Amino acid sequence: PIHVLLVGPPASAKSLFLSEVLRLRGSYPVLGGTLSKFGLLQVLVAERPTRLLVDEIEKASGGDLAILLRLMEHGEVIYTKGNVSLREALHCSVFAAANSLRGLPAELLSRFAIRRIDAYGQRELEDVMFHVLIHREGLGVDEAHAIAGPLSRTSHDPRDAVRAARLLKAGATSVAEALLLLGF
């Protein structure tokens, strides 16, 4: 299996990439900060994913990372505690995302193909906002331009455009009012 780690600042579409991989059959998502060692083992053994998607991997605990390391290195999960012993072979690729590599063990990082994602430039951000507003939020072209243009100059996060669109749908009388309600 190939293991990929996306590293970049918040709002650089790492989670969006993982959500697209999730559409592939055999994919299973987990969130680094909410993992437990036993919970991760249960997911791996019960679901037997071919792709494990770990968002915010830098927030996972050492025990969880040890399970991932064994999975990535040997294609198996092992758990032994008291009278409970578990060993399962598993062919699974790990796709993960992190804002930073800080705190992640070198031996885990060496198993990943690490891809760094830069923050969007202003023009790229405007394009991303525009397409998200059209394709995910269902806005018309004029409304999408009216939100994406100004926001891409004052915000660095496409989620602000989504919030503006949702305020507009929820009753804001204009794009200007939605942006004003968001503090832009």
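The dialogue below takes up these features one after another.

Reply: This is a predicted model, in which local features need pLDDT of at least 70 and side-chain atom pairs count only at pLDDT 80 or more, while totals for chains, interfaces and linings use all residues. Residues are numbered from 1 along each chain as its sequence is written, and side-chain values use heavy atoms, with hydrogens and water left out.

Me: Which residues of the largest nonpolar core touch the most other members?

Reply: In soluble globular proteins, nonpolar side chains tend to be buried together. A nonpolar core is a set of buried Ala, Val, Leu, Ile, Met, Phe, Trp, Tyr and Cys residues joined through side-chain atoms within 4.5 Å; buried means under 20% relative accessible area, exposed over 50%, and partly exposed in between (1.4 Å probe, protein chains only). Here the largest core has 29 residues, and L5, I57, L68 and L108 touch the most other members.

Me: How does one describe two packed helices?

Reply: They are described by the angle between their axes and the distance between the axes. Helices are DSSP runs (H or I, at least four residues), numbered from the N terminus; axes are lines fitted to C-alpha atoms over the stretch in contact (heavy atoms within 4.5 Å), and angles run from 0 to 180 degrees between N-to-C directions. The axes of α5 (residues 122-135) and α6 (residues 141-154) come within 8 Å and cross at roughly 145°.

Me: How many salt bridges are there?

Reply: A salt bridge is a side-chain nitrogen of Lys or Arg within 4 Å of a carboxyl oxygen of Asp or Glu, and the count comes to 13. E76 pairs with R70 at 2.3 Å between the closest N and O atoms; E76 is buried at 10% relative accessibility, whereas R70 is partly exposed at 29%.

Conventions. Helix = DSSP H or I, 4+ residues; strand = E, 2+ residues; numbered from the N terminus.
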